[in-house]
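Biologist: I am new to this one, so please show it to me before we talk it through.

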Amino acid sequence: MDQVDLIWKNGEFLPWDEAKVHVLTHGLHYGTGVFEGIRAYETERGPAIFRHREHLDRLAKSAGLYYLQLPFTTEEMREATHELMRRNGQRSCYIRPLAFRGYGEMGLYANSAPVDVIIATWPWGAYLGDESAGRGIRAKVSSWRRNSPGGAIPHAKASGSYLNSILAKTEVANAGYDEAILLDERGFVCEGSGENIFVVRDGEILTPPHTASILDGINRKSVIQIARDLGYTVVERDIARAELYLAEEVFLTGTAAEMVPVREIDDHDIGGPGEITRHIQAKFMDALHGRAEEYLEWLDFVDVSAGDRNGAAGTESSDESIGRITPAA
Ligand SMILES: Cc1ncc(COP(=O)(O)O)c(C=O)c1O
């Protein structure tokens, strides 16, 4: 990993190497954590975090779904992220807030163990490779089905859920593919291991609905709006596996991957990135980088000079903290 200076933990800015946990941390044993993946981009108007509040709202909802009481408000976490970027001297980065059940009690009903919260920021390039956005990727349908809504909560971005994604990703990566596509428990197309999926058929854009065990992707929502604003029809409906092979175009969306065309699935050639994918992708990239006036409201601008307490590079740690809410009993 490319390290930066500081990580925010429970209201304090700690040096990167000192942001540690106890080995009996509950989340380490049982996966009791919820997290977000967010990106900040440099724009002409300064650094901006894409749909920051929506991500933090989803974090709060994920926490609630797994009975984790967040000790910080969404606004406190938002401010902490701005301050962290400032102190780390970052104008663009990947942002990872994580809330997890910490050290204090073991077992499966460990309500007395605290909920710890961290925010880390680091530089992270194209998740599916530098060529993925331009050339497209090769995907394979995994033999692993997406977590069933009868056994977990696909709507929550929960740490434990990612064991499912890791099985799928490992299977297809070992077989030489770039990304896994998971089917839901009924056998319909669900999503990538870390992305939502879109399929173009007869000029219409299809994407699986919420009932297909998807994560309610923030980029999915953004791309649906952009596509509709550009005049395309977007239909949320179940997609059969064979429709992947019959598709005119397929693409994936996610914070880490951004928007990536799929050029091959299960050794069926889908073709190079298609016209519709290209059209939406260009607008989406404009939105991310603050070049689309109509989507500027999606950007949370970070004033990297404001309140710069550690100098421009923000290299020193500080024990100044951002208040922690005392959780209700
Ligand atoms: C399983 C899964 N689906 C979809 C997504 C896309 O969500 P978003 O666009 O909010 O990053 C992600 C990434 O967070 C993911 O991990």
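**The cavity and the ligand**

Biologist: How do the residues of the lining of the largest cavity divide into nonpolar, polar and charged?

Modeller: The lining holds Arg 39, Tyr 41, Phe 50, His 55, Asn 219, Thr 255 and Leu 288. Ala, Val, Leu, Ile, Met, Phe, Trp, Tyr, Cys and Pro count as nonpolar, Asp, Glu, Lys and Arg as charged, and the others, Gly among them, as polar. The lining divides into 3 nonpolar, 3 polar and 1 charged.

Biologist: What can I rely on here?

Modeller: This is a predicted model, where local features need pLDDT of at least 70 and side-chain atom pairs count only at 80 or more, while totals for chains, interfaces and linings use all residues. Residues are numbered from 1 along each chain as its sequence is written, and side-chain values use heavy atoms, without hydrogens and water.

Biologist: How many residues surround the ligand?

Modeller: Being near here takes a heavy atom within 4 Å. The closest are Lys 157, Tyr 162, Glu 191, Ile 218 and Thr 255. The shell divides into 3 nonpolar, 8 polar and 4 charged, and the residues around the ligand number 15.

Biologist: Which side chain has an N or O atom 2.4 Å from an oxygen atom of the ligand?

Modeller: A polar contact is a pair of N or O atoms within 3.5 Å. The side chain of Arg 58 has such an atom 2.8 Å from a ligand oxygen, and a polar side-chain atom of Asn 219 also lies 2.8 Å from a ligand oxygen. The side chain at 2.4 Å belongs to Tyr 162.

Key:
A polar contact is a pair of N or O atoms within 3.5 Å; within protein, one must be able to donate a hydrogen and the other to accept it, and residues adjacent in sequence count only if both atoms are side-chain atoms. On a 1 Å grid over the protein atoms alone, a cavity is a set of points where a 1.4 Å probe fits but cannot get out, and a pocket is an open set with protein on both sides within 12 Å along at least five of seven lines; lining residues have an atom within 4 Å of a point.
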